[in-house]
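Subject: Structure handover

Hello,

Here is the structure we talked about passing on. My notes follow below it.

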Amino acid sequence: MTTVPLPAAPTVAVARSSGSFWHAAWYRYRRNQLALVAGALVLLILLVGLLAPYIAPYNDAGEDLTSVLAGASWHHLLGTDNLGRDTLTRAIWGDRTSMTIALGAPLIGLAIGMPMGIIAGWFGGIFDWVTLRLFELFQMVPTILAALLFVTVFGVSVWKLALFIGITLWVGFGRLARAQYIALRDRDFVQAARAAGVPTWRIILVHIMPNAVGPIIVYFVQQVPYVIFTAAGFSLLGFGVQDPLADWGKMINDSVSYLPLDPLLVLVPIGCIGLACLSFSFMGDGLRDALDPTSR
Amino acid sequence: MASEVLKTAPATSARAQAGAVPGAPLLEIRDLQVSFPLERRTIYAVQGFGMQVRAGERVGVVGESGSGKSVTASAVMRMVIMPGRVTGGQVLFEGRDLLRISQAEMRSVRGGQIGMVPQNPLTSLNPVTTIATHFEEVLKLHVGLSKSKALERAVELMRSVGIPDPDKRIHEYPHRLSGGQRQRVIIALAVACQPRLLIADEPTTALDVTIQAQILELIDDLVERSNLGSILITHNLGIVAGHCDRVVVMYAGRVMESAPVVELFDRPSHPYTVGLLRCVPRLTAKRSRIFEAIPGQPPQVTQLREGCPFAPRCERAGERCHTETPPLEPIGPGHWISCWDPVRAPVTAGAGAGAGAGALGFPGPSAPPGDAGALGAPAAPVAPFGPGSPGILP
């Protein structure tokens, strides 16, 4: 920006934010430094996961029994585990696995929940009633229990894990989408669009959707740390991803017994989980303030 | 030029043409009934409402809040909000009953043949899309214009409603425009697809007084240029006086009085109309009499029963007013009233009786007395408003 950064009052921010809703949102987000740092870290985490095959110093499954529990050195910056696998490499590949689940599960929840919520919220009546009962039915079952059941029945892989956790998440997305559509359904601009003869599907997708996505994006980002924790919990219980794949939770599980020999083995994955969760949480907070300025 | 955009008829005076060819009305509402079934009671918002609009005619619908004006407008568009339902009547638009056509047909009527100007310009544009997108959407939908053609036309429309720098402003988001400008944009949107009828539901309530006049003049201008029929819903009698050809006074979902605007102001006959006119503050009045009010509250009709709905607040109400619903009957050329005891005896009783002999609706704004009778079909007298009645005239 060419404008001089003033110690601006919020009102100035609104007045100066030019153009669209998204411009204004970005302007508000930028002013939150914690969220800005968190956002950068999130990008870094995603980038590392994406580029894992290129940046990891060793082969992720490469065991080297000659250097078991070697400790930090120039060869292995963060040491090795009980099978001689490089911890840094494992952490980088674990990033990839964890992020796949952490983003995949909410995506699946979104894909199931949003259409149901939209139908319930827009059409109301019997649709709403049925969807609400479904919400209640699914909320009755504890998340972990349901996912564990799925894992036992269908086995496990990264995507299956994302799917199982995702299925337990859809209710939240459904509720939120329903609430958004109920709130927006009778707004003047929606009525005006109807009065202009715009078909229903277009009103739902083109007129209401962009107005409704703000809180949904926020909710999505806020779900990520929860899923990271859940997935780590699964791995810790031995129901998560299986060898040779790495996952932060599994790394902790594998190395707990070697904690006295090399604390790094446990501290590294814990640090990764903590950093990822905090980053996503603060980013979620920043997004909430930016996309939904009335919620403060 | 701006006028070329909106002109559908040749340059002959649109209003004169409409008067010369009475023909079928553009819009005719007959015996409209709308009710809102709630959990414990039902609100009968509109009960046997009827009116006509001809091409080039500006009809004002006035009444207090809750009298059913807006519900009537949304019933015409078939957009009564849940749980409201149209339970009876007809809305004939160019001969078609809008209440009976398919959803798809109705969509092409909305925006395409009937334009609607909603009440609140500040919230009636989608905040996340540009003005251009709004225009592109309706023009693609109803006229089938391509994106670039639509943009071109949208700019012309924006210019014709008096927005400066339309080619730049059109790419802006609604919140960057002032309230008056947004209402202009909305009006331009409503007439973008050259509708035949314009319904404006209190188009100026959210605007300040200086802008109000400009917006009303803009609507008048469009109506004149394109020979549109228009319905102006308002509670402001001042607006009606200046911007309508004919007035329908509504109370509790019924027509109380309907007359050409000059007639209504010169010779108001329904006690309710008289009361409304008395409520208009006059600075020349004595200090204590500047603000007058009709005592009591307008009713929320939850029971269908006989009797004039205004009777409880009417100072002239007799016994009959509480027990029998007065039929809507002509008392003069184009002047209809639903009252057992009008304020003033009709001057042209003979002509009025003739007109009542079977007219289905209201004659046009400037129809001569004889014309009114000629309009009516020779069929049995149909009283679209309430129970059929022998023409009881004083």
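B:Asp31 is partly exposed because 17 C-beta neighbours lie inside 10 Å of it. Before going further, please note that this is a predicted model. B:Asp31 is part of strand 1 (residues 27-37) of chain B. Its phi is positive, about 50°, although B:Asp31 is not a glycine.

B:Ala252 also has a positive phi, near 50°, and is a residue other than glycine. B:Ala252 sits in the loop between strand 9 (246-251) and strand 10 (254-260) of chain B. B:Ala252 counts as buried because it has 22 C-beta neighbours inside 10 Å, the cut-off for buried being 20 or more.

**Sheets in chain B**

B:Phe93 has B:Arg96, in strand 5 of chain B, as its bridge partner.

Strand 6 (residues 114-117) of chain B pairs with strand 7 (residues 197-201) of chain B in the parallel sense, over 4 bridges. Opposite B:Met116 stands B:Ile199, in strand 7 of chain B. In a regular strand, side chains alternate between the two faces of the sheet. In strand 6 of chain B, B:Ile114 and B:Met116 point one way, while B:Gly115 and B:Val117 point the other way. Are these four residues buried or exposed? All of them are buried.

**Where chain B meets chain A**

The contact between the chains involves 23 residues of chain B and 18 residues of chain A. On the chain B side, the elements giving two or more residues are helix 4 (103-109) and helix 5 (131-143) of chain B. Helix 5 of chain B gives the largest share of that side, 4 residues. By type, the chain B side divides into 12 nonpolar, 8 polar and 3 charged residues.

B:Thr123 is in the loop between strand 6 and helix 5 of chain B. Which residues does B:Thr123 touch, leaving aside those up to four places away in sequence? They are A:Arg187, A:Asp188 and A:Phe189. B:Thr123 is partly exposed, because 18 other C-beta atoms lie within 10 Å. The C-alpha atom of B:Thr123 is separated by 9.2 Å from that of B:Arg182, and the two residues are 59 residues apart along the chain.

**Chain A**

Chain A has 12 helices and 0 strands. Its C-alpha atoms fill a box of roughly 75 × 55 × 30 Å along the principal axes. Of the 296 residues in chain A, 42% are buried. Taking the contacts in chain A between residues at least 6 apart in sequence, 70% join residues at least 24 apart.

One helix pair can be described in more detail. The axes of helix 3 (residues 33-50) of chain A and helix 5 (residues 87-123) of chain A come within 8 Å and cross at roughly 105°. The two helices are therefore roughly perpendicular to each other, since angles of 65 to 115 degrees count as such. From helix 3 of chain A, the residues in this contact are A:Ile45, A:Leu46, A:Val48 and A:Gly49. They meet A:Ile92, A:Asp95, A:Arg96 and A:Met99 in helix 5 of chain A. The residues of this contact divide into 5 nonpolar, 1 polar and 2 charged.

**Confidence in chain A**

The average pLDDT of chain A is 82, and 90% of the residues score at least 70. Where in chain A is confidence lowest, and where is it highest? It is lowest in helix 1 (residues 10-16) of chain A, with a mean of 40, and highest in helix 3 of chain A, at 91. Over residues 5-18 of chain A the pLDDT is below 50, and this stretch has 9 contacts in the model beyond near neighbours in sequence. Where pLDDT is low, the predicted coordinates should not be read in detail.

Regards

Conventions. Residues numbered from 1 in each chain as written. Chains lettered and ligands numbered in written order. Predicted model: local features only at pLDDT ≥ 70, side-chain atom pairs only at ≥ 80, totals over all residues. Buried ≥ 20, exposed ≤ 12 C-beta atoms within 10 Å, placed from the backbone. Contact = placed C-beta atoms within 7 Å. Pairing = 2+ DSSP bridges. Nonpolar A, V, L, I, M, F, W, Y, C, P; charged D, E, K, R; others polar. pLDDT = per-residue confidence, 0-100. Axes fitted to C-alpha atoms, helices over the stretch in contact; angles between N-to-C directions. Parallel < 35°, antiparallel > 145°, perpendicular 65-115°, else oblique.
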